[in-house]
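The entries follow the order in which I looked things up.

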Amino acid sequence: MRRESWKTVIEPFKIRSVEPLGFTDRPEREKALSRAGYNLFKVPAEKVLIDLLTDSGTCAMSMEQWAGMMRGDVSYASSRSYYVFERVVKDLTGYPHVIPVHQGRAGERLVFSFLGGPGKVFLSNMFFDTTRANIEATGAEALDLPADKAFFHGDRRAFKGDIDLAKLEQALRLRAGRVPLVLLTVTNNSLGGQPVSLRNIRDASRLCARHKVPLLLDAARFAENAYLIKARERGQAERTVRSIVREMFGYAQGCLMSGKKDALVNMGGFLAFKDKAWAGKAREILILGEGFPTYGGLTGRDLEAMARGIEEVLDEQYLRYRIRSVEYLARGLRRQGIPLIEPPGGHAVYVDAARFLPHIPAERFPGQALACALYLEAGIRAVEIGSLMFGKREGRRFLPARMELLRLALPRRVYTQAHADFIIEVFGSLARKKRAIRGLRLLKAPRFLPHFTARLAPLRS
Ligand SMILES: *Cc1c(COP(=O)(O)O)cnc(C)c1O
């Protein structure tokens with residue numbers, strides 16, 4: 001289809017099913033937040049006006065996906081819906097062995113249970129929090145090797161999600177024999193949703209091949225990454241997103257996928273491998289916990305919805321709108337003087353809370369303090385990605401995270417431009433009174449994934 005040259009990028013859908021927003025007043029929000037122990041995960045969703053906590057499992061499904069759900073075959077084994085799903089994933093990735101799982105981390109648990117263990121080291125551009133937790137739970141080590149450019153937040157370089165190839169080579173040499181796989185997270189969620197360039201994937205793949213270590217993709221946002229390659233990488237503008245996606249997967253030996261992101265479903269995921277032996281091992285463990293290998297913790301209905309979602313996410317009208325809505329929000333916030341990770345990535349805008357709230361030190365959780373202030377101000381919920389999520393507590397010692405961020409994740413096909421305008425207005429208001437935002441202290445946190453259940457309290461002064 002020929003692209004016409006209108007400047008306004010519109011939502012490429014119309015809305016036929018609506019859900020009311022949760023309006024509250026400030027005293028209600030104060031009460032809800034205090035009851036939740038200053039942890040937004042525990043605030044009831046009904047008391048949230050605009051929910052930017054995550055883009056995971058929060059998308060709106062299309063009419064084709066709902067139609068697919070009605071057609072879903074729920075046969076226990078070898079259902080028709082499994083074969084529909086398998087065909088779509090094989091076409092997408094080129095990998096012959098496809099294993100559905102109920103969400104991304106279920107796949108992580110399978111893979112790391114047969115590849116992990118004490119003494120093993122996994123390497124990545126940056127592990128997502130559940131991925132790291134699943135590796136560490138086996139006694140293995142998870143080592144992040146992000147490119148240095150990722151840490152110059154204001155600097156608008158294009159592919160800050162890249163893995164550092166020199167560090168990768170060194171790690172592969174120094175830890176020879178102990179690295180079961182290298183995992184590239186595309187886009188790099190924990191580092192600002194920044195894309196990984198096609199060139200970096202290719203070079204990492206060659207390095208891994210030379211060291212005989214398999215490369216896998218954590219492909220949760222493969223389509224957003226591919227679109228950003230098309231938009232930003234030299235020589236890629238004329239290609240279709242689908243062909244870029246095929247090339248990305250072609251450099252790897254398999255993938256872990258959370259369908260709750262770019263497969264446009266509310267629940268689901270899969271593993272796909274070139275290697276038959278890995279698939280066999282994963283399926284053995286799958287049966288113990290997730291179910292028979294043709295449904296993996298999902299129903300035939302879910303598999304149909306995921307199959308259609310994977311097709312729809314490659315629609316370039318959709319991707320153009322998707323990336324533009326992130327840019328639109330970022331531009332508005334920038335105009336209010338809010339420091340961001342630049343350039344904005346694929347699925348979220350990341351506010352640099354350390355720079356926005358320099359009066360709050362890392363051990364007082366500036367990202368979380370900003371999340372609480374944003375909720376109190378107008379019922380907007382976002383998530384801290386900083387020392388609450390990644391800080392290390394060893395006895396009385398506290399090791400802060402490398403960054404103190406607040407992530408505003410955009411659910412797919414859910415909010416409109418007017419919602420973005422509202423968020424921008426609220427940030428403008430916060431910016432004017434930011435000196436009054438106070439830090440928090442941690443009352444209680446579990447060992448794994450502390451941010452989900454931690455309790456905190458505001459500081460008095
Ligand atoms: C969400 C996510 C996961 C985990 O997937 P779940 O479906 O939430 O279990 C893994 N990796 C990345 C990059 C993710 O964004």
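The entries below go from pockets to the cavity, then to helix packing and the backbone.

**Entry 1. Basis.** I noted that this is a predicted model, in which local features need pLDDT of at least 70, side-chain atom pairs count only at pLDDT 80 or more, and totals for chains, interfaces and linings use all residues. Residues are numbered from 1 along each chain as its sequence is written, and side-chain values use heavy atoms, with hydrogens and water left out.

Entry 2. I worked on a 1 Å grid over the protein atoms alone: a cavity is a set of points where a 1.4 Å probe fits but cannot get out, whereas a pocket is an open set with protein on both sides within 12 Å along at least five of seven lines. Lining residues have an atom within 4 Å of a point. Points are joined across faces, edges and corners, and a volume is the space filled by probe spheres set on them.

**Entry 3. Largest pocket.** I read a volume of about 1,400 Å³ for the largest pocket. Its lining comprises 39 residues, and S17, A60, M61, R413 and V414 lie nearest the centre. By class I found 19 nonpolar, 10 polar and 10 charged residues (nonpolar: Ala, Val, Leu, Ile, Met, Phe, Trp, Tyr, Cys and Pro; charged: Asp, Glu, Lys and Arg; polar: the others, Gly among them). At least two lining residues come from each of α2 (63-71) and α12 (316-335), and α2 gives the largest share, 3 residues. Helices (H or I, at least four residues) and strands (E, at least two) are DSSP runs numbered from the N terminus. Domain 1 (26-55 + 315-458) and domain 2 (63-312) each contribute at least three residues to this lining; the bounds come from an automatic or database domain assignment.

**Entry 4. Second largest pocket.** I read about 510 Å³ for the second largest pocket. It is lined by 31 residues, with T54, S56, R105, F128 and K261 closest to its centre. Elements that each supply at least two of the lining residues are α4 (104-115), α5 (129-136), β7 (254-258), β11 (383-385) and α15 (387-390). The lining divides into 11 nonpolar, 11 polar and 9 charged residues. Why does this pocket lie between domain 1 and domain 2? Both domains give residues to its lining, so it lies between them.

**Entry 5. Cavity.** I found 1 cavity of 30 Å³ or more, and the largest cavity holds about 80 Å³ of space. Its lining includes N39, F41, Q368, E384 and H451. Two or more lining residues come from each of α14 (366-378), β11 and α15. The classes are 8 nonpolar, 3 polar and 1 charged.

**Entry 6. Helix pair.** I took α4 with α10 (residues 276-289): their axes come within 9 Å and cross at roughly 115°. Axes are lines fitted to C-alpha atoms, for helices over the stretch in contact, and angles run from 0 to 180 degrees between N-to-C directions. The two helices, α4 and α10, are therefore roughly perpendicular (65 to 115 degrees).

**Entry 7. Backbone.** I located a cis peptide bond from V186 to T187, with omega near -15°; T187 sits in the loop between β5 (182-185) and α7 (198-210). Another cis peptide bond joins E342 and P343, with omega about -15°, and P343 is in the loop between α12 and β9 (348-352). K212, not a glycine, has a positive phi of about 55°; K212 lies in the loop between α7 and β6 (215-218).

Technical notes: Angles under 35 degrees count as roughly parallel, over 145 as roughly antiparallel, 65 to 115 as roughly perpendicular and the rest as oblique.
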